[in-house]
Amino acid sequence: MDIATELAKVKTQTCTQNTADAKCTSAWLAANINVGRDGNGGVVAAYCTDRYLVLQTTMKPGWATDMDDISQAPGGTMDDGTACVTGEISATMSQLETQVFPLESVYELWGTDDDLQNKDYFDQCTLASGETLCAQATGQSDAGRYFSDGASVEYALPSDAGIGITVAGQSIYPLYSNTLQITLESCEVDSCNEHVGQGGGQPHLHGDPFSMTAGKCLYSAENYTGTDGTEDITVHPPVIGFSYDGPLIYGRYLSNAAPGFSTGLDNCGGHAHGDYVYHYHSQIIQATTTSSNKGISKITNTGKTYPAFVPGVMNCWAAKINDLNGGSTNIFWTKNKDKDLTAVCDGSTAYWVKDGYCLPGADNYDTCTTTTTTTTTTAADDTTTTTTTTTTAADDTTTSGATSVVASLAAAAAAVAAAM
C-alpha cells in the first residue's frame with residue numbers, strides 16, 4: 001500500500017474543528033498516539049472534526065508478535081485449501097482504514113451498566129424468520145450480531161467485530177471469541193493477547209496488550225511515568241486506546257496508590273473519578289475453564305481458575321451507540337465508511353501526522369512535503385540503488401535523487417583494482 005497516496009484521498013469539509021475537547025489538541029495527540037515499538041505502528045494521522053476523533057490507520061500492531069507460539073489457531077483455510085496458521089504473515093491492507101470515535105460532547109452515557117443496554121441498536125444483521133433482535137443464532141452468520149448463547153448469557157457487544165482501536169492503530173475485539181469463549185481458554189492468542197482470525201488481515205487483540213517485559217507488546221510498566229519523566233507505577237495508567245462508543249481506554253492499574261484505584265470498575269469495565277470523566281480500564285479478572293477448553297485434557301482442565309485480561313470494555317458499552325450523527329438515522333455501524341462524515345475540517349490547526357506524510361485540509365498542507373525512500377538491489381552486480389522522492393502535496397510536484405552503493409566486497413575490490 002502506498003500510504004501517501006491513500007492519505008491524499010482523505011476528504012475535506014467546511015466545519016469548525018473541535019479543540020475544546022482535550023484529546024483534540026495537537027499536544028494531546030502527540031503525547032498519546034503511539035508509533036509502535038518498532039516505529040511501524042498503524043496510525044498515520046489523527047484529527048478531530050466538529051463531532052468526532054478520527055484515525056487513519058493501517059491497523060498494524062507496531063511490535064513483533066509471538067503468534068508462532070499459539071497452539072490453537074482459530075481455523076479456516078487458505079485459497080489452496082491448506083489450513084490457516086495464525087502465526088503466518090498476515091495480509092497487507094489495501095487501503096487506510098478510517099476509524100471514528102464520538103467526542104465527549106456527542107456521546108451520551110447510559111448511567112447504567114447492563115449487559116444488554118445497547119441491544120436494540122444492533123440493527124445491521126439479516127433477521128431470520130421469527131427473529132426480532134440481532135442476537136447470535138444457531139445457523140446464522142455472526143455479522144452484525146451481539147453475543148448470545150441462546151439461553152442465559154448475552155452481551156450487547158459485537159460477536160464478529162471490534163470494540164475499539166489502540167493508540168497505535170490496532171483493532172481491539174472483546175475478551176470473547178465469536179463462540180463466546182475467552183480466547184485464552186481456547187489457546188488462540190499470543191502473549192500480547194492477539195491473533196489473526198479466519199478473515200485474515202492484521203492481528204487484532206482479544207485482551208490487554210500489556211507485558212511485564214519492557215519494550216514488549218503495546219505498553220509495560222515503563223509507560224507509567226511521573227512529571228519528571230521517570231517510571232512511576234503510582235500515577236494514573238496511560239491511555240492505550242479509544243472505544244467506539246466514545247470514552248477513552250486506559251491501561252491496567254499497577255498500584256493501589258494510583259488515582260482512581262479505590263473507585264471500582266463497573267460491569268462495562270469503566271469508572272469516573274476526580275478530574276477524569278468516565279473511561280475504561282484494562283484489567284485482570286479471575287476466570288474458570290469450561291468443558292470447551294482446548295487444553296491437552298479437557299476433562300482434567302475443566303473448572304480450573306486462571307487470570308484473563310480484559311482489554312478495557314468488558315461486558316457492555318457504557319455510552320449509547322445510537323444517533324451519533326445528531327440525526328434520526330443510526331450511523332454507528334457505518335460511520336467508519338462515511339468519508340464525508342469523517343472529512344478533515346478545512347484549515348485544521350490541531351492534528352497529528354506521522355513524519356513524512358501530509359494531511360489534506362491541515363493548515364500546512366500547501367507547503368507540506370512527503371518523503372519516500374525506495375531501495376533496489378540488482379542481483380547481477382549486487383549494487384544497491386536508494387531513491388529518495390520528495391512530493392509537495394498541494395501541487396503534486398516531485399523531485400527525486402538516487403545514489404548507488406556497491407554492496408559486495410568482491411564488487412568493491414574489483415572496482416578498486418580497475419581504478420589502479
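Modeller: About 19600 Å² of the protein is accessible surface, and carbon and sulfur atoms hold 50% of that area (Shrake-Rupley method, 1.4 Å probe; for residues, only the protein chains shown count as cover). This is a predicted model, in which local features need pLDDT of at least 70 and side-chain atom pairs pLDDT 80 or more, while totals for chains, interfaces and linings use all residues. Residues are numbered from 1 along each chain as its sequence is written, and side-chain values use heavy atoms, without hydrogens or water.

Of the 420 residues, 46% count as buried (under 20% relative accessible area; exposed is over 50%, partly exposed in between, with a 1.4 Å probe and protein chains only).

Turning to the rings, there are 16 aromatic pairs (ring centres of Phe, Tyr or Trp, the last by its six-membered ring, within 6.5 Å; planes under 30 degrees apart are stacked, over 60 edge-to-face, the rest tilted). Phe 101 and Tyr 244 are stacked because their planes meet at 10°, with the centres 5.5 Å apart. This pair links distant parts of the chain, 143 residues apart: Phe 101 belongs to strand E4 (97-102), and Tyr 244 to the loop between strands E11 (239-243) and E12 (248-250) (strands are DSSP E runs of at least two residues, numbered from the N terminus). Phe 101 counts as buried at 2% relative accessibility, as does Tyr 244 at 9%. Tyr 278 and Tyr 280 instead pair edge-to-face, at 5.6 Å between centres and 85° between planes; both are buried. Elsewhere, ring pairs join Phe 122, Tyr 146, Trp 317, Phe 332 and Trp 333 into a cluster.

Note on methods. Helices (H or I, at least four residues) and strands (E, at least two) are DSSP runs, numbered from the N terminus.
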